[in-house]
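Here is a short briefing on one protein model. Keep the structure open while reading the points below.

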Amino acid sequence: MKEISKIASGVQASTTLAIDAMFKQMKADGVDVIGFGAGEPDFNTPEHIKRAAVEAINQNKTRYTPAAGIKELREGACKRLLEDCGLEYEPGQIVAASGAKHNVYIALQVLLNPGDEVILPAPYWLSYSEMIQMAGGVPVIVTASEQDDFKITAQQLEAAITPKTKALILNNPSNPTGMLYTKQELEPIAQVCVEHDLYVISDEIYYGLVYDGREFTSFARLGPQVKERTILINGVSKSYAMTGWRIGYAAANKELAAVMSNYLSHSTSAPSSISQWAAVEALHGSQEAIRTMRAEFERRRNYIVERMNRIPGVSARRPEGAFYVMMNIEKLLGRRFGPVTVQSAEDFAHAFLEQGLVAVVPCTDFGAPGFVRWSYATSMENIQKGLNRLEQFLA
């Protein structure tokens, strides 16, 4: 048989899948394991949003919609961007897709020619690197150290730019670090992007989950020239506990939005009409559920970080947004736990799951090999039990 696509065959399966598969099998076998890998809120979708979906079904709003999404959804995105971020967009500049992840993929497909380079700050969400390569691009990794709160500087960005550089991906607040770039930190980065005529894919899906009263600044807010070259990614998955509804949206200049819409029209077309009407209610309706979730996530974050930093051998920076914490395990490398000598984050994660009955995510595929990620999108009871088991495992 003839060979298949080199691009498709080059897509790598995540090494975290092995941990996840083992966790699920142990759970299915009745083992009392606790998982901290979930990248989704443990809250239910708010009732008023679910009612809107049921009403859409009852009103037979079940047919094809425009490729970029129904106008009411795009108007809702404009409303949220204006009220929450101070950004003015028209519905024609909004493109809905099957989740924010899908919007990132479409943005890269629209921007990149074969060989174009995309600067990717590390630690990064593991799918970014693969999606860049799926679009024929080349990821250029720029590592931000823990000492710098996992945030790159304008100087680092400048040093990574070549004649082939097309774009920067910025995730703010970040998965997996939970760190938040301030306006003062973003401004020099934006200046470099304008000077070098770079596009910026700014993934702001966690913007509603920012803690300690901190102010979120959207990258597109940093001036007209910045906004013109920014594809802003957002959606309803994280802030409204709607991960399974699969609704994300992108905001961009009219030309980019039109090309993204055309690309969608010949690939997936629009997302589910029912999900779109649910998202309309989420964006236009009460925002109280976000405040409730944010307060609970902040409470959990405070507990997990304070307690983790009291456990000898591990440490964690205090995240400022999202619902993840990166645990530094570098002091554990070379130590023996039962039959396992831990030489990597993967070794630690396997040993911790097998012996400690706790599943965490090794961050090697996130560009941070000396760390594991915990999600605190789980109950306080699970967090307490998981940290108890960590203490016992390390002892």
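A pocket here is an open set of grid points with protein on both sides within 12 Å along at least five of seven lines. Its volume is the space filled by probe spheres set on those points. The model is predicted.

**Second largest pocket**

- The second largest pocket has a volume of about 280 Å³.
- Its lining consists of 13 residues. Nearest the centre of this pocket lie Asp-84, Tyr-207, Gly-208, Ile-290 and Arg-294.
- Two helices, α4 (71–85) and α12 (288–308), each supply at least two residues of this lining.
- The largest share comes from α12, with three residues.
- By class, the lining of the second largest pocket has six charged, four nonpolar and three polar residues.

**Cavity**

- The structure holds one cavity of 30 Å³ or more.
- The lining of the largest cavity counts twelve nonpolar residues, four polar and one charged.

**Cis peptide bonds and a positive phi**

- Pro-123 sits in the loop between β3 and α6 (126–134).
- A cis peptide bond also runs from Asn-175 to Pro-176, with omega near 25 degrees.
- The loop between β5 and α8 (183–195) holds Pro-176.
- Ala-241 has a positive phi of about 55 degrees, although it is not a glycine.
- Ala-241 belongs to the loop between β7 (230–235) and β8 (248–251).

**Four-stranded sheet**

- Four strands build an open sheet in the order β9-β10-β15-β14, with antiparallel pairing.
- At the edges are β9 (315–316) and β14 (361–362), each of which pairs on one side only.
- Helix α13 (residues 345–356) packs on this sheet and touches β10, β14 and β15 (371–375). The direction of α13 makes about 45 degrees with that of β15.
- Two bridges join β9 to β10 (residues 324–328), and these two strands run antiparallel.
- Within this pair, Ala-316 stands opposite Met-327 in β10.

**Helix pair α5 and α10**

- How do α5 and α10 lie relative to each other? The axes of α5 (residues 100–111) and α10 (residues 254–265) come within 10 Å and cross at roughly 105 degrees. Angles of 65 to 115 degrees count as roughly perpendicular, so α5 and α10 are roughly perpendicular to each other.
- On the α5 side, the contact is made by His-102, Asn-103, Tyr-105, Ile-106, Ala-107, Gln-109, Val-110 and Leu-111.
- On the α10 side, the contact is made by Leu-256, Val-259, Met-260, Tyr-263 and Leu-264.
- The residues of the contact of α5 with α10 divide into ten nonpolar and three polar, with no charged.

Terms used
Residues are numbered from 1 along each chain as its sequence is written. This is a predicted model: local features need pLDDT of at least 70, side-chain atom pairs count only at pLDDT 80 or more; totals for chains, interfaces and linings use all residues. Side-chain values use heavy atoms; hydrogens and water are left out. On a 1 Å grid over the protein atoms alone, a cavity is a set of points where a 1.4 Å probe fits but cannot get out, and a pocket is an open set with protein on both sides within 12 Å along at least five of seven lines; lining residues have an atom within 4 Å of a point. Ala, Val, Leu, Ile, Met, Phe, Trp, Tyr, Cys and Pro count as nonpolar, Asp, Glu, Lys and Arg as charged, and the others, Gly among them, as polar. Two strands pair if DSSP finds at least two bridges between them. Contact means heavy atoms within 4.5 Å. Axes are lines fitted to C-alpha atoms, for helices over the stretch in contact, and angles run from 0 to 180 degrees between N-to-C directions. Angles under 35 degrees count as roughly parallel, over 145 as roughly antiparallel, 65 to 115 as roughly perpendicular and the rest as oblique.
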